[in-house]
Amino acid sequence: PAQLTLFPAGPAGAAEASTPGRPAARRYLRTELEDWVFQFDHARRTLCEHFQLHSLEGLGLAGHHGAVAAAGAILYYLRDTQKASLQHLDRPVFFRQRDHMVLDSVTVRNLELLEPLFGGPREYTLLHVLDQTATAMGARLLRQWLLKPAIEGAEIEARLDAVEELKKETILRAELGRDLAKVLDIERLLARVTLGTATPRDLVALGTSLTGIPLLRAFVGRLRSGRLCDLHGRMDELGDVSSAILTTLTDEPPANPADGGVIRAGFDPALDELRELQHNSRSFILQIEQRERARTGIQSLKVRFNNVFGYYIEISKPNLRLAPSDYERKQTLVNAERFTTLELKEYERKVLDAQERILVIEREHLEKLRQRVAGEAARVRRTAAAVAELDVYLALAHVAADCNYARPVFNSTGEMQVVAGRHPVIERLAESERAERFIPNDLYLNDSTDLIAVITGPNMGGKSTYLRQAALIAILAQMGSFVPASSARLPILDRIFTRIGASDNLALGRSTFMVEMTETAQILNTATPASLIILDEVGRGTATFDGLAIAWAVVEYIHQRTRAKTLFATHYHELTELAELLSGVRNLHVSVKEAGEQIIFLRKVEPGSADRSYGIEVARLAGLPLPVIERAHDVLVRHEEREHSVSEELSPGAHPSQISIFTPLPPGMVEQIRSINLDELRPIEALNLLADLKKGLG
């Protein structure tokens, strides 16, 4: 199952999702535990006993009874099912969503952080661009940082300092990368050791990986940034642990300990003696065979061994008359007889006892070694965490150096200024495929005059890329990475919201437009002034005037109440009028160049609004039949001439459609209305003013 969910027994533990008229569908595994497992007192006692604590206050769990109950229940479940010490587990930490930048599942999907939005190779994701890690531990930590960017300024700066120093140290970076590649997944190997499932090969892999820690620590000791010095202090060379493993086990032990040969020769003299007895059995049997041939005169006499009858002497039937009287018949064959002697019986007992004793002794040494390594789990785990963090810094430094990223600068004024920003994924794909050069663009937002940018322009012009790259730059900066730009001055954001594209959810009975509105509602209800909102084509899933009205109202709501920095891409050109009505709205457009009937996408974002959307030109590029393109041009011309629906012209007797509710007012009328003092206006004056305004509208 993709998810394990624990529930108290009873109705509260329902794990099925049902909708009216549909049977309940199980979505995940349900493991029911008794109610008392979730009781606070039991959970607190379980946690304190396991982690050897007097109280949980030192872990920041004071007053968080629900968190303690959940952690205690999980620990109880693990102890009950794994039947192991679980020494590899870290102490529980109380997690608040506000401790990191919040990226909901919609945003993670829309920004293609982990998976491509429409399928395809992993190269289309931000994680792939960043993942230059050399270890599995570093890859997991990088993914965690990407999904939970930091929100504390001191933590972000400490990470950036580490990346900056490693970016400058080109030779040291290469040496560290080469040595990190030799380190296996210490965290997973340690978990197997503490759970008692580690094979001899797992232990050797762990010991071999630990031998590289002293060299890594020596390299890190040459660095000066605060975070890297801290990593140097947290790295334990663990020479005693690696030595214990590698001096106990052979270099290439068998996968199954029952096959023997696990413990290194010279480690245990008694074990070596037993092995000597076992290994010399062939020569001893050969000596017996030669002696018996000489004694009996039977040159075809053989001394052999099999798992059923053990050691035996085989004499062919023509030579049976020469068999000595002290031979004891053991088995009759068609052409021969098999015998044994007191000497063979005694030797067989010694050899078989030696083999069993060897396996017993090896199991004992292996178990002692497991327990010893498990006893050092805290040291190993702490070192593994430091190695993983070093790996992430090294990966981010590689990316920053290879892709010419710049260090972001954070401010408390709320300004978001990006100079020559690029989309990290599209830029990398363009380089690898030798496609057209990526065109960088600037971005400026603040909390007052440039709070909302309304972006217009043709499809395929680059609006969505511009939106996404702004969000990705913010995420990269707060996770501690340099950013794809010439320079970047950024605020610390608490959340990033995206509403890009549309798809239905038929299983839950939601249409495309319903999904769009649900996502928009979540944004408007949860965004704060410290958030960044990315909206693309809000309102396009319904009738033109409905969608336009919703989009207009959304922009107004963000401007008046939410006050979050917003990039709003749209094909509703009427929305560009908001820049004249709202002081915090600015218009941007993606520029194009017309060459006859063709258009050239310049991919450049500039101030001002686009004059039209070039939808028909894009339709031609998509391959629509020429008659459709020509008819569309005719309909567009008629519509633009009359500024209302062409249905009146095209369908005799059809009713004219609604005129736009956002018809521009005559010059000067807006200022005239703004200058009216409603508090001092008498009723008769108001009626006269209304008559004048109506006359001014023609």
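# Notebook: helices, sheets and a few single residues

I began with helix α17 (residues 424-432), whose buried residues are P424, V425, E427, L429 and A430. I take buried as under 20% relative accessible area, exposed as over 50% and partly exposed as in between, with a 1.4 Å probe and protein chains only. Among the elements that cover these residues of α17 are α4 (126-130) and α18. Contact, here and below, means heavy atoms within 4.5 Å. Helices (H or I, at least four residues) and strands (E, at least two) are DSSP runs, numbered from the N terminus.

I noted that this is a predicted model, in which local features need pLDDT of at least 70 and side-chain atom pairs count only at pLDDT 80 or more, while totals for chains, interfaces and linings use all residues. Residues are numbered from 1 along each chain as its sequence is written, and side-chain values use heavy atoms, with hydrogens and water left out.

**Entry: the whole protein**

I looked up the totals next. The protein has 26 helices and 18 strands. Of its 698 residues, 44% count as buried. I also checked the contacts between residues at least 6 apart in sequence: 69% of them join residues at least 24 apart.

**Entry: R468**

I went on to helix α18 (residues 463-479), which holds R468.

I did find a polar atom of the R468 side chain 3.1 Å from the backbone oxygen of N110. Leaving out residues up to four places away in sequence, R468 touches N110, L111, L117, H423 and I500.

**Entry: the sheet with β5 to β8**

I traced an open sheet of 4 strands in the order β5-β6-β8-β7, with antiparallel pairing. Two strands pair if DSSP finds at least two bridges between them. At the edges are β5 (302-306) and β7 (328-332), each of which pairs on one side only. From one strand to the next the twist averages 40 degrees.

Inside this sheet I followed β6 (residues 310-316) and β8 (residues 336-340), antiparallel strands joined by 4 bridges. I315 stands opposite E337 in β8. Helix α14 (residues 281-296) packs on the sheet and touches β5 and β6, with its direction at about 145 degrees to that of β5. Axes are lines fitted to C-alpha atoms, for helices over the stretch in contact, and angles run from 0 to 180 degrees between N-to-C directions. Helix α15 (residues 342-375) lies across β5, β6, β7 and β8, and runs at about 145 degrees to β6.

I picked R282 out of helix α14. Is R282 buried or exposed? R282 is exposed, with a relative accessible area of 72%. R282 and R304 are 22 residues apart in sequence, and their C-alpha atoms are 9.5 Å apart in space.

**Entry: the sheet with β9 to β13**

I then looked up another open sheet of 4 strands, in the order β9-β13-β10-β11, where the pairing is mixed. β9 (409-410) and β11 (441-445) each have a single partner strand, so one side of each is left without a neighbour in the sheet. Between β10 (residues 416-421) and β11, which run antiparallel, I found 4 bridges. V418 stands opposite L443 in β11.

**Entry: two positive phi angles**

I checked Q52, which is not a glycine and has a positive phi of about 55 degrees. Q52 sits in the loop between α1 (40-51) and α2 (65-82). At 72% relative accessibility, Q52 counts as exposed.

E537, also other than glycine, has a positive phi near 60 degrees. I placed E537 in the loop between β15 (531-536) and α20 (544-562). E537 is buried, with a relative accessible area of 14%.

**Entry: R201**

Last, I looked at R201 in helix α9 (residues 200-210). R201 counts as partly exposed, at 47% relative accessibility. Which residues does R201 touch, not counting those up to four places away in sequence? They are P253, P254 and A255. I also noted P257, which is 56 residues from R201 along the chain, with 9.5 Å between the two C-alpha atoms.

Conventions:
A polar contact is a pair of N or O atoms within 3.5 Å; within protein, one must be able to donate a hydrogen and the other to accept it, and residues adjacent in sequence count only if both atoms are side-chain atoms.
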